[in-house]
Amino acid sequence: MKKRVLLVSYYFAPQNTIGAIRPTKMAKYLERMGYEVTVICGGGLDEKVDPTLQRDLEGLKDVHLIREWNPLRDRALKKAQAAGAEKAQAGKKEAAASGDAQPLNTSGVTAMIKRYLGKALDNVYLYLSWLSDRDFCRLAKREVRRLKQRYDCVLSSYSTISTHEIGWYAKKTGKADKWIADFRDEVNMAFSWQAGRQRRYIQMVRKNADLITAVSYGVLDMMDMEKEGRVLTNGFDREDLPLADQAEQQSGKLRVAYCGYISEGRKNAPHRDLSPMMRTLRTLIDEGFLTTEELQLVYAGSQGPLFDQVAAASGLEACVENHGMVSRQESIRLQLGADILLMASWHMTGRKGILTGKLFEYMMMNKPVVCCMSGDLTGSDVKGVLETTGIGFCYEQAGGQADQDALYAFVKDVVERKHIGQPLLDTGRMEAINAYSYPELAAKMASWIDE
């Protein structure tokens, strides 16, 4: 008899968001391994669709979509519907007024009002997000009660806050025999008045979950769960790769690609510092190993102005190719057309062991990876993964000049290989790389379900 798994995740296919990938891949490969998988998921923050996750969704038979009350999403949809007509009209007005435009006064009282207004709006946004999650929790619990079958295991995927509350609800009401609580991020409630609730939430998970899993030891450590938790990293799925004729075509330029956020805007989350890589490229140009005409800095994401600033600090603003927000499918296409894949994270006292999903997505590209790691600690998990798999180099700020010199040597080697037409990356250690593929990770999760 097939085992039944109930998977609870607010983020799920086909949502075009990084948080949807991990739970979708777990459901996809558990289903292929013979489990009967039922999914309860949320409506997402917008209507953008990831085509690769859409394909995954088509292979799942039992997905229950909850459309919670979400004024943020609903307002965005209304704005999108009106955007077409307004954009054309706004363009005409802007053209007519361009000659008379005056710079805004951003100093003194005006600037102070803008700062306070921005902070207030951020708090409103966070509070509405909290209320929306409460509604999702209520509706998802109702959906659990309506399910007719009993499950061998409920697997809940954080975030949002509600997912583990729903997982525990399924376990304590007898809908599931076992509860596995999985963390993609550490618990981080937005407001100081929620500190007590956050402690009780973590304690609820620690006390009641049969198994706790997380993407890294650092995430477990930040929640004081390193003793009872197990690590199941993020991963990659080679079925997400486009056909050869759909990939970004290589050019003669050295293309360095960065896809995603630079500043997350989350409490206690520092900026991702790309400046060590920019300094290295600037030095190679100044020394004659590269020219600005040969360099293309490819960015995809919502923070183009921030990326422009980082490039401009090293005099590389003319090299930027900004694609803005793109689908994950388009992001993968851009990565396949790159020569170096750039990422950044942090490893510091109090925030250790951040293993971003982008690292594992990069693994299937067969490209050199460079990570810029800020923070006061050496020995990050990212550095360990890159060394184990042989796919790149991790510069650590705490490593000082030695790491800056090693980064320079690594990038210079890639540039020289590019110039003479050699492969940019020696063959990686395939067994070590494949350990991070989602089929392998799902098999590990399946062994824990069956314990």
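Author: What follows is a set of questions and answers about this structure.

Author: This is a predicted model, in which local features need pLDDT of at least 70, side-chain atom pairs count only at pLDDT 80 or more, and totals for chains, interfaces and linings use all residues. Residues are numbered from 1 along each chain as its sequence is written, and side-chain values use heavy atoms, with hydrogens and water left out.

Reader: How many helices and strands does the chain have?
Author: Helices (H or I, at least four residues) and strands (E, at least two) are DSSP runs, numbered from the N terminus. Counted that way, the chain comes to 15 helices and 13 strands.

Reader: What percentage of the residues count as buried?
Author: Buried means under 20% relative accessible area, exposed means over 50%, and partly exposed is in between (1.4 Å probe, protein chains only). Of the 451 residues of the chain, the buried ones make up 50%.

Reader: How many residues of helix α1 are buried?
Author: Helix α1 covers residues 21-32 and reaches 17 Å from its first C-alpha to its last, close to the expected 16 Å. That expected span is 1.5 Å times one less than the number of residues. Buried residues of α1 include Pro23, Met26, Tyr29 and Leu30. Of the 12 residues in α1, the buried ones number 11.

Reader: Which residue with a positive phi follows α1?
Author: The phi there is near 105°. The residue that follows α1 is Gly34.

Reader: Which strand is joined to β11 by six bridges?
Author: Two strands pair if DSSP finds at least two bridges between them. Strand β8 (residues 254-259) runs parallel to β11 and is joined to it by two bridges, with Val256 partnered by Ile340. On another pairing, Leu341 stands opposite Val369. The strand joined to β11 by six bridges, also parallel, is β12.

Reader: Which residues on the two sides of β11 are buried?
Author: In a regular strand the side chains alternate between the two faces of the sheet. Strand β11 (residues 340-346) is mostly covered, with seven of its seven residues buried. One side has Ile340, Leu342, Ala344 and Trp346, and the other has Leu341, Met343 and Ser345.

Reader: How many disulfides does the structure hold?
Author: A disulfide is a pair of cysteine sulfur atoms within 2.5 Å. Cys259 is buried at 8% relative accessible area, and Cys319 is buried at 2%. The number of disulfides is zero.

Reader: What is the arrangement of the rings of Tyr258 and Tyr299?
Author: Rings of Phe, Tyr and Trp (its six-membered ring) pair if their centres lie within 6.5 Å; planes under 30 degrees apart count as stacked, over 60 as edge-to-face and the rest as tilted. The structure holds 10 aromatic pairs. In this one, the centres are 6.3 Å apart and the planes at 10°, so the pair is stacked.

Reader: How many residues apart in sequence are the parts that Tyr258 and Tyr299 tie together?
Author: Tyr258 is buried at 3% relative accessibility, and Tyr299 is buried at 0%. Tyr258 lies in strand β8 and Tyr299 in strand β9 (residues 295-300), so the distance in sequence between the parts is 41 residues.

Reader: What kind of aromatic pair do Phe360 and Tyr436 form?
Author: Phe360 is buried at 0% relative accessible area, and Tyr436 also counts as buried, at 16%. Their rings are 5.3 Å centre to centre with 40° between the planes, and the pair is tilted.

Reader: Is Asn366 buried or exposed?
Author: Asn366 has a positive phi of about 60° although it is not a glycine. Asn366 is found in the loop between α11 and β12. At 56% relative accessibility, Asn366 counts as exposed.
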